[in-house]
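Please examine the sequence and the structure shown below.

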Amino acid sequence: MLKPPHGKRFFGVTDTGTIEGFRDFASTVGKHPAVIQTFHPWGNSLGRALPRWRSVHARPMLHISTTEDDGTEVITPRGIAMGRGDGYLIYLNHVFHGQKLRGYIRPLGEPNRCLNAWAGVDCSGNARSSRYSSKWYRQAFRRMYLLLHGGATKSSLNRRLAGLGLPKINGGGKKPLPDRFPSAPLAVVWSTLPAGSPRSKGNWPARYFPGAGYVDWVGTDFYSRYAYWNDLARFYKRFAKHYDKPLALTEFGVWGTDSPAYVKRLFTWTNHRTRARMLVYYQDFGTLNAFRIQNFPLSRSVLARRISSRRFPPLAPHPPEKPVFPGGINR
């Protein structure tokens, strides 16, 4: 599951696309983040990201969305479940295996946030088209989990997919599929909002949960502007504690207003929950954005003090090594 060493937690930060952005954040908070989270659209290669991960010596978390940066939809949850994106999953499996790249993959985070293209519910609380339903999200997630991890023969994976009511692995016809898929040293993170946006009956996290057998880590996002502590506690109990899974705060951050009390309470909250093993600060892009910790001196001071503890190691074991992998779309 790629958990931190016993008694430790990983602190991370989101990727701005530049080495300088990572190093500036690390300098500001006085700690080298052990994890870097990069956001990519479906089908994007690791041509630029992997050298950057290696340069900053941080274990990657790759968030995968279904849209390009301009909003163009690449694939739907149903399309993923039916195998239309298998080529990309096979690519990631082979890269993580071939590079011996230990990392996390966070596919389609926040499916219960109505603004996301893969959301199951619109912002009025109504169900969207069936190809975005929570049923197809769960099926898509199961397929992603199996193909990303690999570690089985093609026949075995096809039998597992058939048992889920899903089609066989789709290689796209470009070249024959391998008889065996390698085991990739990665962990798959399932993450939703703690309650849902909107908070409608069909939008609770449990509607999107694919099952404990298809999840390595559970994760949620928790910002100062929407610090609903009861929702966070409920999410932890329902998923991390009940299923004995490590919890990642896949995105946390100060939003819009300096909030030192939020930062202090959040770290106190995680300190009292043994399954809370990772916190990733969301820093967004540019110097004037609403999440930039450099713009919130009181919050920055609390954050720096909390992560100065030896409980937060500056490096994860076995950071990325020199990349040698097939080409593709670079980012």
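What covers the buried residues of H7? The cover includes strand E7 (186-192), strand E8 (217-223), strand E9 (247-253), helix H8 (260-271) and strand E10 (276-281). Helices (H or I, at least four residues) and strands (E, at least two) are DSSP runs, numbered from the N terminus.

This is a predicted model, in which local features need pLDDT of at least 70 and side-chain atom pairs count only at pLDDT 80 or more, while totals for chains, interfaces and linings use all residues. Residues are numbered from 1 along each chain as its sequence is written, and side-chain values use heavy atoms, with hydrogens and water left out.

The buried residues of H7 are Trp-229, Asp-231, Leu-232, Phe-235, Tyr-236, Phe-239 and Ala-240; buried means under 20% relative accessible area, exposed over 50%, and partly exposed in between (1.4 Å probe, protein chains only). Just after H7, Asp-244 has a positive phi of about 55°.

A search of the whole structure finds 1 disulfide, defined as a pair of cysteine sulfur atoms within 2.5 Å. Cys-114 and Cys-123 form it, with their sulfur atoms 2.0 Å apart. The torsion about their S-S bond is about 90°, and the disulfide is therefore right-handed. Cys-114 is buried, because its relative accessible area is 14%, whereas Cys-123, at 48% relative accessibility, counts as partly exposed.

Finally, pLDDT is the predictor's confidence in each residue, from 0 to 100. The mean pLDDT of the chain is 95, and 97% of its residues reach 70 or more. Over residues 327-331, however, the pLDDT is below 50. Where pLDDT is low, the predicted coordinates should not be read in detail.

Technical notes:
Contact means heavy atoms within 4.5 Å.
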